[in-house]
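Welcome! Please take a moment to look over the sequence and the 3D view before reading on.

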Amino acid sequence: MSAPQIDLRVPTDEDAFSWHRVFDDPEVMEFFGGRSAELSVYEELTARQRRHDAELGFCLWTVLGEDGEVVGFAGAQPWPHTSFGPVGEIEIGWRLGRAAWGRGYATAAAHLTLERLRAAGVAEAVAAIDARNERSIAVARRLGMERAEEITTPSGRAGYCFRLALTP
């Protein structure tokens, strides 16, 4: 299967509405509390990602599918928690609406993210993944990430930290 044609863009104000709509699905949010967050959470998240892009050269970008529609986000950001998980590290992540599942979008977006992280001089990326999230674990493995330590996810469940060195 060839890589799908996707695009990553810095999230706009309008993307907060798109993310809220695309993630308003219990299956999409299964490993993130089971339901979509309030719109205000996505408004703050998209604003924070614009700051990350301006300051760091990377962020959680909006993923546009082959038809140009918003299908979710993918990218990287500093681990946002200070009391657990890979504190102080750069986390790569992805979340797509169910209509985009199984089309190669997450892997393609994650590969683009790794290229951009390397260009920004990031030495290592981590992915914190719920231990039951087989789809995301498969993406991490396709990226060449290695399962490292066990962690507790932000939702309080058992998870794994996958790691990938980005510099030789």
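Predicted model: local features only at pLDDT ≥ 70, side-chain atom pairs only at ≥ 80, totals over all residues.

- As a general point, nonpolar side chains tend to be buried together in soluble globular proteins.

**W94 and its surroundings**

- Which residues does W94 touch, leaving aside its neighbours within four places in sequence? They are F73, A74, A106, A110, I129, S136, V139, A140 and L143.

**Strand β3 and its partners**

- Eight of the nine residues of β3 are buried, so this strand is largely enclosed by the rest of the structure.
- β3 runs antiparallel to β2, and five bridges join the two. Across this pairing, W61 stands opposite A74 of β3.
- The hairpin of β2 and β3 has five residues between its strands, and G68 takes a positive phi near 85 degrees there.
- β3 is also joined to β4, by seven bridges, and these two strands run antiparallel as well. In this case G72 has L96 in β4 as its bridge partner.

**Helix α4, with two sides**

- S136, I137, V139 and A140 are buried in α4. Seen down the helix axis, the buried residues of α4 fall within an arc of 160 degrees, so they line one face of the helix.
- Just after α4 comes G144, which takes a positive phi of about 90 degrees.

**T107, a residue of α3**

- T107 lies in helix α3. Is T107 buried or exposed? Its relative accessibility is 13%, so T107 counts as buried, the cut-off being under 20%.
- The side chain of T107 makes a polar contact of 3.0 Å with the side chain of R142.
- Leaving aside neighbours within four places in sequence, T107 is in contact with V139, R142 and L143.

**R103, in a loop**

- R103 is found in the loop between β4 and α3. With 40% relative accessibility, R103 counts as partly exposed.
- The side chains of R103 and Y105 are joined by a polar contact of 3.1 Å.
- R103 and G65 are 38 residues apart along the chain, and their C-alpha atoms are separated by 9.7 Å.

**Cysteines**

- How many disulfides does the model contain? The count comes to zero.
- C59 is buried, with a relative accessible area of 0%. C161 is buried too, and its relative accessible area is 0%.

Note on methods
Residues numbered from 1 in each chain as written. Heavy atoms only, no water. Contact = heavy atoms within 4.5 Å. Buried < 20%, exposed > 50% of the residue type's maximum accessible area, 1.4 Å probe, protein only. Helix = DSSP H or I, 4+ residues; strand = E, 2+ residues; numbered from the N terminus. Pairing = 2+ DSSP bridges. Disulfide = S-S within 2.5 Å. Polar contact = N/O pair within 3.5 Å; in protein donor to acceptor, adjacent residues only side chain to side chain. Arc of directions from axis to C-beta.
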